[in-house]
Amino acid sequence: MKFRNWLVGFSVAVMALGMSLAQSGKLEIFSWWTTGGEAAGLLKLFDIYKQQHPGVKIINAAVAGGAGSNAKAVLKTRMLGGDPPDSFQVHMGHELIDTWVVNGFMQPLDGIFKDNGWEKVYPQGVLELLKWNGHYWSVPANIHRANVMWYNKAIFAKYGLTPPKTYDEFFAAAEKLKKAGITPLALGDNGIWASTHVFETVLIGTLGADGYKGLWNGKTDWNGPGVKKALETFAKMLSYVNSDHAARSWDQANDLIIQGKAAMFIHGDWANGDFMAKKFEGYGWAPAPGNADIYDALSDSFGMPAKAPDQQEARWWLELVGSKAGQEAFNPLKGSICARTDCDPSLFNPYLQWAMKRWKVDTIVPSLVHGAAAKESWVAAINDVMTLFVTRRDVTQAQKSLAQACVDAGVCH
Amino acid sequence: MKRNRRIAFLLLLPSLLLVAVFVYGFILWTGWLSLTNQNDLFVPHPHFIGLHNYVRLFQNPRFLIDLKNTAVFSLIFIPGSLILGLGGALLLAGGVRFEGVFRTIFLMPMALSFIVTGVAWRWLMNPSSGLNLLFHSMGLNLNSGWYTDPNIGIKAIALAAIWQLSGYTMALYLAGLRAIPKEIYEAAQVDGASSGQTFRFITLPLITPVTLSAVIVLGHISLKIFDLVVAIAGSSGGPAFSSDVPALFMFITTFQANHFAQGAGISTVLLILVSFLVIPYLRWSLATEAKE
């Protein structure tokens, strides 16, 4: 008797659940945005979505942890297991394309781009990175710039320095600072990507925009003199970094600038958010040496899995992410600029206003470390090369390994 | 009697099946995977490629460093935990006041997760804080880079592991020491054995089984150590891979680079290394049981 009661209760519960699902749609968004400005930006987008589509229940499937490494592992399990979210955060470019698009897990978004007239408001350089096989595969929510050199203004003023434009100027300034007992370049590579990040700007500064882009499609020779020169320059730069770099994370390296112990820091523009969060105002910025007029970009974008369970709700989501209102709401909180070129600059802080101006005129190149330029396995291989190089500084060995990594990635032959 | 056996078998059957599938089935699957070309998320024509993945593995400088690191870690961690554990157990077994309190204090680290230990030791061994600061305030100028020094790396992590597991070996030894009959010591005393001789010829031989179990437990921990390394040195394996271990390399290879077959190869190498340790132990312990 008791069991039967229980059974009835259970069926009622199941029916109620089924009805609630039928009545209103749902939308499941997968990301690794769980803290700080990025989580605030995501929730803001959810708020706008709820106003636009009040019936839809939003499921925030965010997975915490270091630069998305945990989230990516969870996502792989779900995608391969046939249980994809409706839309997920992914770095624009090869991280999305080589992992998911090539293998047929995503659907093209040409219709959304055309219906919303996005081809006119996104820069050409970004449209190229979003495209594969003639179709668009994701909607960029924001743009971060990777090749920025941050510096402590007080130190620069004290030693009469200006932001170095070339590597010669950089080493001259570094030598001066070293003699004065100040760490010239801050580095926090407890995650090795921070070193690869600096190397990426050196590759750009040495090879130029076209030479750098050629590395990722086999047109620039990894065994050539350019890469050798870049490795030598980077090795020399490493002799000017703080000795405890392996113990620090990127934000702890940024602390050296704030405390006035180090003068320069080559890092992405999330450092700007870190300065502001720590209420430090004495910082300046410039393109990394040799990186003038080149915008090394990375973007968090959202795509739609081919088997997304709630197609219409996902489409609404992507339209919001790519819209002017969506980008203007999200980016000031995230500390990044709009991927669109028509956002209102007055909503943004001075650094971001500078970046927005550069975004319209600079040559855009894809970031390596942050998934835009090469597929994940290639990035992992380059990180491995850098782990050994930072300590051993063996240029010949590193160049050989980098060339091999290109062959392993199936790009070089 | 016969009926009892059948019931026993039926009761065991579900877990036997689960173990067969989820342990041995997956071991075989991993072994097979490591012999194929499935080194991407989606490989159109998966096929057998022989030992290619293993050949590449043993050419990879990172993997060779990892194997060396595992050896260094084991050589510090296992003897360290055994010696500290035995020392603690001998002191406690000698009869101290508040023995229960000491036992709890020494055992406590074992109850912590490796992540907790790792984070604490990460701070302790941070070059600009923790132990260095402590040494400095004591007037010692020992500015070690700890795990951030490529010449130390894994050795610093072995220290943290010793801290965590020597209490556990102490507990094992304490039980072993308590199990030795008092009469033997009394007889030795009557025969005029010195305390050194008593230790050397009575205590040590009689606690050999404990030592063996401890070596197995500590040995397999040192082969599969992962979380402690990640918590202390981060997931890049430290400067020049000085704290990298095979399990971490396996994780990165499989879940970050999507080289599933290569990752399965690393797992298989680890399994073989562990089985060198466990199979002789199992044979020995089964043989002793049969004797009894």
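**Aromatic pairs, a buried asparagine and the A–B contact**

Modeller: In this predicted model, a search of the whole structure finds 42 aromatic pairs over all chains.

Colleague: Why is the pair of Phe113(A) and Trp118(A) called edge-to-face?

Modeller: For Phe113(A) and Trp118(A) the planes are at 85° and the centres at 5.3 Å, and an angle over 60 degrees with centres within 6.5 Å is what the term requires, so the name applies.

Colleague: How do you know whether Phe113(A) is buried or exposed, and Trp118(A) likewise?

Modeller: Phe113(A) has a relative accessibility of 1% and Trp118(A) a relative accessible area of 2%; buried means under 20%, so both values qualify.

Colleague: Which residues form one aromatic cluster?

Modeller: The cluster consists of Trp150(A), Phe275(A), Phe280(A), Tyr283(A), Trp285(A), Tyr351(A) and Trp354(A).

Colleague: Why does Asn142(A) count as buried?

Modeller: Its relative accessible area is 0%, so Asn142(A) falls under the 20% limit and is buried. Asn142(A) is found in the loop between strand 6 (139-140) and strand 7 (144-145) of chain A, and, leaving aside neighbours within four places in sequence, its contacts include Leu298(A), Asp300(A), Phe330(A) and Lys334(A).

Colleague: What makes the approach of Asn142(A) to Ser336(A) a polar contact?

Modeller: The two side chains come to 3.4 Å, and the cut-off for a pair of N or O atoms able to donate and accept a hydrogen is 3.5 Å, so the term applies.

Colleague: How do you know that Arg56(B) and Asp408(A) meet in a salt bridge?

Modeller: The N to O distance between the side chains of Arg56(B) and Asp408(A) is 3.1 Å, and the limit for a nitrogen of Lys or Arg and a carboxyl oxygen of Asp or Glu is 4 Å, so the pair qualifies. Between chain B and chain A the count is two salt bridges, and the two chains bury about 2,000 Å² between them, 58% of it on carbon and sulfur atoms.

Technical notes
Residues are numbered from 1 along each chain as its sequence is written. Chains are lettered from A and ligands numbered from 1 in the order in which they are written. This is a predicted model: local features need pLDDT of at least 70, side-chain atom pairs count only at pLDDT 80 or more; totals for chains, interfaces and linings use all residues. Side-chain values use heavy atoms; hydrogens and water are left out. Buried area is the accessible area (1.4 Å probe) that two parts lose on being put together, summed over both. Helices (H or I, at least four residues) and strands (E, at least two) are DSSP runs, numbered from the N terminus. Buried means under 20% relative accessible area, exposed over 50%, partly exposed in between (1.4 Å probe, protein chains only). Contact means heavy atoms within 4.5 Å. Rings of Phe, Tyr and Trp (its six-membered ring) pair if their centres lie within 6.5 Å; planes under 30 degrees apart count as stacked, over 60 as edge-to-face and the rest as tilted.
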